[in-house]
Amino acid sequence: MEMTEKSRKILGMIGCIVLAIGVFCPLVRIPYLGEVNYFNNGKGGGVFVLILAVISFIIILAGKYKPLIYTGIISLCVMGFTYFYLQFVFHKITAKLSNQFGEKSKSLADMIVQSVHLEIGWIVLTIGAVLLIVAGAAKVKQAHNYYQ
């Protein structure tokens, strides 16, 4: 993909902003408990992703773009780890409840886990990280100088 230097900078800045906003968007909705965002009061992977967004912003201000590929990929990896960790926790809760209370509680535990919904934060975070990767990987159009 080719774009101008200015477009690349704008795309990278938008990616940083979207990634930072995504950290504060709801990731999971748990019945009766509400929504949980990635920042989670300064705990967890959201802080790391927010730091990556700030680092990406500084990289863009320095006029470097290739490192955005790495900050975007690392952000996606952290989010992937969080997603699979959540799946592991949900499975562990279901197994623990069924072991403690028998087969009837297993269906209750399954119902509780299935009522947990992923929220828009995942989409916002993914879009931000992908925009960083695209801004870092894009080739810059060479300006044609017709007055030589």
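The legends below describe close-up views of a predicted model. Local features need pLDDT of at least 70 and side-chain atom pairs count only at pLDDT 80 or more, while totals for chains, interfaces and linings use all residues. Residues are numbered from 1 along each chain as its sequence is written, and side-chain values use heavy atoms, with hydrogens and water left out.

View 1. Arg8 is buried and has no salt bridge. Buried means under 20% relative accessible area, exposed over 50%, and partly exposed in between (1.4 Å probe, protein chains only). A salt bridge is a side-chain nitrogen of Lys or Arg within 4 Å of a carboxyl oxygen of Asp or Glu. The nearest side chain of opposite charge to Arg8 is that of Glu5, 4.7 Å away; Lys and Arg count as positive and Asp and Glu as negative, with His and the chain ends not counted. A polar atom of the Arg8 side chain lies 2.6 Å from the backbone oxygen of Ala135. Leaving out residues up to four places away in sequence, Arg8 touches several residues, among them Met3, Tyr65, Lys66 and Val140 (contact means heavy atoms within 4.5 Å).

**View 2. Aromatic rings around Trp122.** The structure holds five aromatic pairs. Rings of Phe, Tyr and Trp (its six-membered ring) pair if their centres lie within 6.5 Å; planes under 30 degrees apart count as stacked, over 60 as edge-to-face and the rest as tilted. Tyr38 and Trp122 form a tilted pair, 6.4 Å centre to centre with 40° between the planes. Tyr38 lies in the loop between strand E3 (34–37) and helix H2 (45–61) and Trp122 in helix H5 (residues 121–137), so this pair ties together parts that are 84 residues apart in sequence. Tyr83 and Trp122 form an edge-to-face pair, 5.8 Å centre to centre with 90° between the planes. Tyr83 is in helix H3 (residues 67–101), 39 residues from Trp122. Tyr38 is buried, Trp122 is buried at a relative accessible area of 11%, and Tyr83 is partly exposed at 30%. Ring pairs link Tyr38, Tyr83, Phe84 and Trp122 into a cluster.

**View 3. Salt bridges at Arg29.** The whole structure has two salt bridges. Arg29 forms one with Glu35, the closest N and O atoms being 2.5 Å apart, and one with Glu119, where the closest N and O atoms are 3.3 Å apart. Arg29 lies in strand E2 (residues 26–30) and Glu119 in the loop between strand E4 (117–118) and H5, so the pair ties together parts that are 90 residues apart in sequence. Shared partners join Arg29, Glu35 and Glu119 into one network. Glu35 is partly exposed, with a relative accessible area of 44%, and Arg29 is partly exposed at 38%.

**View 4. Cysteines Cys25 and Cys77.** The structure holds zero disulfides (a disulfide is a pair of cysteine sulfur atoms within 2.5 Å). The closest cysteine sulfur to that of Cys25 belongs to Cys16 and is 16 Å away, too far for a bond. For Cys77, the nearest cysteine sulfur is that of Cys16, at 17 Å. Cys25 is buried at a relative accessible area of 14%, whereas Cys77 is exposed at 51%.

Conventions: A polar contact is a pair of N or O atoms within 3.5 Å; within protein, one must be able to donate a hydrogen and the other to accept it, and residues adjacent in sequence count only if both atoms are side-chain atoms. Helices (H or I, at least four residues) and strands (E, at least two) are DSSP runs, numbered from the N terminus.
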